[in-house]
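This report reads a protein model from its overall fold down to single residues.

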Amino acid sequence: MAVVTDLPDRRLLLVHAHPDDEAIGTGATMAYYAAAGAHVTLVTCTLGEEGEIHVPELAQLAAAEADQLGGYRIAELAASCAALGVTDHRFLGGAGRYRDSGMMGTPTNDHPRAFWRADLDTAAAQLLAVIREVRPQVMITYDDNGFYGHPDHIQAHRVAMRAAELAAAEGIGLAKIYWTALPKSVLAAGMSAFAESSDNPFAGVDQLDELPFGTDDEQIAARIDATDQHAAKEAAMRAHATQIPDNSWLYSIAGNFGAEFMGVEYYTLAVGVRGPGSGPYGWEDDLFAGLPLGDPDPTGAAGDPDPTGPAARTPVEPGPPEAAGVR
Ligand SMILES: CC(=O)N[C@H]1[C@@H](O[C@@H]2[C@H](O)[C@H](O)[C@@H](O)[C@H](O)[C@H]2O)O[C@H](CO)[C@@H](O)[C@@H]1O
Ligand SMILES: [Zn+2]
């Protein structure tokens, strides 16, 4: 088990639902901080057993056939982490503890080991053990809609936020918690850029509000420009060949937008105090901005005499499941 004092000053924890989410949603950020010498810990909550298979020769691994896709995606995830320079990866509760629940409303949501059915405090306790060990200052996960409404993403949000509450109660809370986001200005630019394209990922979408994701620019807290890591992100995505086919719109957008699409990732700040930023909305360019680094108690919470200090928290109370309208 790592001892905190052996780890770099900056420690970033990411909580993702499936193998592939780390690459698609935060690959550039992970590669950026790993290359900069921060300690990056990835926790993936399921093996992705219910995924599609875009590699024909592997079709028999599907859940309805040999049900071996989860095991295969362990290897894809290892290759993705290698491409990103991330060496600390864990599966929540150990590999195979929680099963991919499938898309919202499908029968696999009711599988006995489906992550969607996990006991919240039991799952949060497993993430708390990682937080106790690594003592990250910053955590990244999804918003309360799981970014796009997948049950495992919503559950990953709930587990991560519950674990953060438990950690704070022990005085080892996280100084900052970010949620993945896409600014509506970026989505609008993408929609217009592809309006005439035969390979338009926005085909059939007339209004931004029809998309299950998108955040007003003024709600964005951080823009991480890791364009120099765009190749690492693309390599990590290509490691997930069963999920992301070579002709995926993700690559065509990258081809059209290039490093800007692949290398820039955005976040809202759910907990913590924003550091210095720039531009019309004061976007941070560093997730550790404003933190007292090198401090064994990263939040400064224990004995912090100044309630408005770096540890000042803007606690987010996740609403009850029914409030999310998803149970
Ligand atoms: C990025 C992500 O969360 N992928 C999940 C998701 O995959 C979707 C699913 O296969 C769906 O059937 C497709 O139409 C859609 O294009 C995919 O993004 O859900 C899978 C099942 O839970 C999961 O394994 C995959 O990692
Ligand atoms: Zn996912």
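What percentage of the 327 residues of the protein count as buried? In this predicted model, 45% of the 327 residues of the protein count as buried. The protein has 9 helices and 7 strands, and among its contacts between residues at least 6 apart in sequence, 76% join residues at least 24 apart.

**The sheet**

The sheet is open and has 7 strands with mixed pairing, in the order β3-β2-β1-β4-β5-β7-β6. Because β3 (88–91) and β6 (222–225) each have a single partner strand, they stand at the edges, and one side of each is left without a neighbour in the sheet. On average, and with direction ignored, neighbouring strands of this sheet are turned by 25° against each other.

| Strands | Sense | Bridges | Partner residues |
|---|---|---|---|
| β2 and β3 | parallel | 4 bridges | T41 and D88 |
| β5 and β7 | antiparallel | 5 bridges | Y178 and L269 |

Helix α3, for its part, lies across β1 (11–16), β2 (39–44) and β3, and runs at about 170° to β2.

Why can β2 be described as largely enclosed by the rest of the structure? The description holds because 6 of the 6 residues of β2 are buried. In a regular strand, side chains alternate between the two faces of the sheet. In β2, H39, T41 and V43 point one way, whereas V40, L42 and T44 point the other way, and all of these residues are buried.

**Two residues with positive phi**

Which loop holds R135? R135 is found in the loop between α3 (120–134) and β4 (138–141), and although R135 is not a glycine, its phi is positive, at about 55°. R135 counts as buried because it has 22 C-beta neighbours inside 10 Å, where the cut-off for a buried residue is 20 or more.

F147 is another residue other than glycine with a positive phi, in this case near 75°, and F147 belongs to the loop between β4 and α4 (151–169). With 23 other C-beta atoms within 10 Å, F147 is buried.

**The shell around ligand 1**

Which residues come nearest to ligand 1? Of the 13 residues around ligand 1, those that come nearest are H18, G48, E50, G51 and E52. Sorted by class, the shell around ligand 1 comprises 2 nonpolar, 6 polar and 5 charged residues.

Note on methods
Residues are numbered from 1 along each chain as its sequence is written. Chains are lettered from A and ligands numbered from 1 in the order in which they are written. This is a predicted model: local features need pLDDT of at least 70, side-chain atom pairs count only at pLDDT 80 or more; totals for chains, interfaces and linings use all residues. A residue is near a molecule or strand if its C-beta atom, placed from the backbone, lies within 6 Å of it. Ala, Val, Leu, Ile, Met, Phe, Trp, Tyr, Cys and Pro count as nonpolar, Asp, Glu, Lys and Arg as charged, and the others, Gly among them, as polar. A residue is buried if 20 or more other C-beta atoms lie within 10 Å of its own, exposed if 12 or fewer, and partly exposed in between; C-beta atoms are placed from the backbone. Two residues are in contact if their C-beta atoms, placed from the backbone, lie within 7 Å. Two strands pair if DSSP finds at least two bridges between them. Axes are lines fitted to C-alpha atoms, for helices over the stretch in contact, and angles run from 0 to 180 degrees between N-to-C directions.
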